[in-house]
Amino acid sequence: AYANPQVNSVSLLPPAGGLVSIFGNNFGSNSSLVTIRFTDSSTLLTSLCLPTFVNHTFILCNIPKGLGHNVGVMVTVDSLSSSPVLASYALPHLFNIPLLLRSSSYINITGMNFGSNISTIEISFYIISSSSSSLSFPNRTRTCSSPTFVAEDSIIMCQVPEGSGSTV
């Protein structure tokens, strides 16, 4: 008899889809016997991921975009299944935010892991004075309106409200 597969950890999930690494034990080496299930804990929707690489302790598979947040990952080898392990999206990273003008204007914000659903994205700017570096001014927050993707998952264009100034 074989031992059940055991998932120890899962790499962060790319919001726009892509490769995910699964680390554990008892995965075998025959990828045709391995199935990976990703189940969204809020919707209970399940996506299958067929492995692109398998060895006894490591699986690599390509997930679809928009998989979800707090996703249960379960590996099945032949008819033996692991316990589910939670995985989450990789956090957004900002690479470039242009200097803001004093008048209303459109800007492009570049980065990665923005996802593919623009309706779930909110961009806020915190106005800070030149004499303080504190971001504790909630009444001085401005929200960027009408965000749209220039490039899915990596470039967002939005309108900066008038009066946001160059101290954002």
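**Reading burial and backbone angles**

Tutor: Ile107 is placed in strand β11 (residues 105–112), where strands (E, at least two residues) are DSSP runs numbered from the N terminus. This is a predicted model, in which local features need pLDDT of at least 70, side-chain atom pairs count only at pLDDT 80 or more, and totals for chains, interfaces and linings use all residues. Residues are numbered from 1 along each chain as its sequence is written, and side-chain values use heavy atoms, with hydrogens and water left out.

Student: Is Ile107 buried or exposed?

Tutor: Buried means under 20% relative accessible area, exposed over 50%, and partly exposed in between (1.4 Å probe, protein chains only). Ile107 is buried because its relative accessible area is 6%. Its C-alpha atom is separated by 9.3 Å from that of Cys144, 37 residues apart along the chain.

Student: What is the phi of Asp78?

Tutor: Phi of Asp78 is near 60°, a positive value in a residue other than glycine. Asp78 lies in the loop between β7 (71–77) and β8 (80–81) and is exposed, with a relative accessible area of 58%.

Student: Where does Asp153 lie, and is Asp153 buried or exposed?

Tutor: Asp153 lies in the loop between β13 (141–151) and β14. Asp153 is buried, at 14% relative accessible area. Although not a glycine, Asp153 has a positive phi of about 75°.

Definitions and conventions
Helices (H or I, at least four residues) and strands (E, at least two) are DSSP runs, numbered from the N terminus.
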